[in-house]
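Here's a quick look at a few packing details in this one. Have the structure open and follow along.

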Amino acid sequence: MDLATIDAIDVHVHVEQDGHGCLSLDQELMDASAAYFRADQDRTPTVETIAGHYRERRMAAVVFTVDATTATGHPSLSSEEIADAAAAHPDVLIPFGSVDPHGGAASVRRIRSLVDAHGVRGFKFHPSLQNFTPNDPAFYPLYEAITEAGVPALFHTGQTGIGAGLPGGRGIKLRLSDPMLLDDVAADFPELTVVLAHPSVPWQDAAISMATHKSNVFIDLSGWSPKYFPPQLVRAANSLLRHKVLFGSDFPVITPDRWIADFAKLDIKDDVRPLIMKDNAVRMLGLA
């Protein structure tokens with residue numbers, strides 16, 4: 001990737017459809033998510049479509065799916081296929097993998113294979129959707145493998161639009177995405193880069209505290225229009241966390257165009273904007 005040709009790096013982009021027409025979620029969850037985000041654009045772009053979208057905007061994108069097969073009963077998209085498809089667009093796409101946290105030793109082996117054989121540059125977890133408690137030592141072998149691979153782990157935190165508005169939220173438990181559960185992970189794996197995805201509402205102060213306290217913890221700003229960011233997040237991004245926050249949109253439910261237009265209206269210092277939009281991600285991803 002030629003960083004000189006890239007103006008921004010979106011660290012949070014979902015692949016919702018594979019080359020076979022299979023979707024990452026069942027239709028009820030897909031519809032509920034679209035309604036929550038009021039997303040009227042293409043909800044299920046393929047890897048190739050995503051690459052074109054970002055190339056037109058001189059941006060790079062971290063792309064991934066979420067393997068929640070055990071928790072949802074819905075077959076996941078293949079991280080191997082996503083990574084291999086992304087390899088055809090190395091100028092703009094950075095593939096992350098996802099494994100079912102309930103897969104035990106098989107998931108550990110898959111982490112190593114995704115990195116070694118498919119060029120995956122990090123891993124995505126969604127504790128609420130995948131229905132696991134991320135600081136349970138039973139899942140530590142996953143983090144050990146990721147740490148050994150030298151790539152980051154990105155975790156959904158806070159409220160989720162998946163299951164929103166459905167009875168019982170379709171059984172999806174928000175408490176599993178409390179960022180404080182990841183404080184244990186970041187402390188026990190100091191060499192593991194941990195990215196807290198999204199404004200962690202209703203736990204925003206906890207996320208800010210963690211990113212301030214631990215050098216290996218970052219925050220991505222995806223999943224919310226910047227005009228709705230909690231004010232303490234804006235203050236932190238503008239000051240003590242200027243090197244720890246990352247541009248992320250949550251495409252396709254929020255487009256980078258919409259996110260950037262709203263971000264431009266925030267009172268962010270001129271010297272901080274390029275850090276958030278690109279430079280911090282270059283460092284977090286080890287692209288320099």
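In this predicted model, helices α11 (residues 256-263) and α12 (residues 273-285) pack at an angle of about 150°. Angles over 145 degrees count as roughly antiparallel, so α11 and α12 are roughly antiparallel to each other. Their axes sit 12 Å apart, and the crossing is right-handed. On the α11 side, W259, I260 and F263 make the contact, and on the α12 side it's R273, I276 and M277. Sorted by class, that gives five nonpolar residues, one charged residue and no polar ones.

Now for the strands. β5 (residues 153-156) has A153 and F155 pointing one way and L154 and H156 pointing the other, and all of them are buried. Strand β5 pairs with β4 and also with β6; here's how those pairings look:

| Strand pair | Sense | Bridges |
|---|---|---|
| β4 (residues 123-125) and β5 | parallel | three bridges |
| β5 and β6 (residues 194-197) | parallel | four bridges |

Last stop: a loop residue. Y228 lies in the loop between β7 (217-220) and α10 (231-237). Is Y228 buried or exposed? Its relative accessibility is 51%, and the cut-off for exposed is over 50%, so Y228 counts as exposed. Y228 and D262 are 34 residues apart along the chain, yet their C-alpha atoms are separated by 9.3 Å.

Definitions and conventions: Residues are numbered from 1 along each chain as its sequence is written. This is a predicted model: local features need pLDDT of at least 70, side-chain atom pairs count only at pLDDT 80 or more; totals for chains, interfaces and linings use all residues. Side-chain values use heavy atoms; hydrogens and water are left out. Axes are lines fitted to C-alpha atoms, for helices over the stretch in contact, and angles run from 0 to 180 degrees between N-to-C directions. Helices (H or I, at least four residues) and strands (E, at least two) are DSSP runs, numbered from the N terminus. Angles under 35 degrees count as roughly parallel, over 145 as roughly antiparallel, 65 to 115 as roughly perpendicular and the rest as oblique. A crossing is left-handed if the near helix is turned anticlockwise from the far one by less than a right angle, and right-handed if clockwise. Contact means heavy atoms within 4.5 Å. Ala, Val, Leu, Ile, Met, Phe, Trp, Tyr, Cys and Pro count as nonpolar, Asp, Glu, Lys and Arg as charged, and the others, Gly among them, as polar. Buried means under 20% relative accessible area, exposed over 50%, partly exposed in between (1.4 Å probe, protein chains only). Two strands pair if DSSP finds at least two bridges between them.
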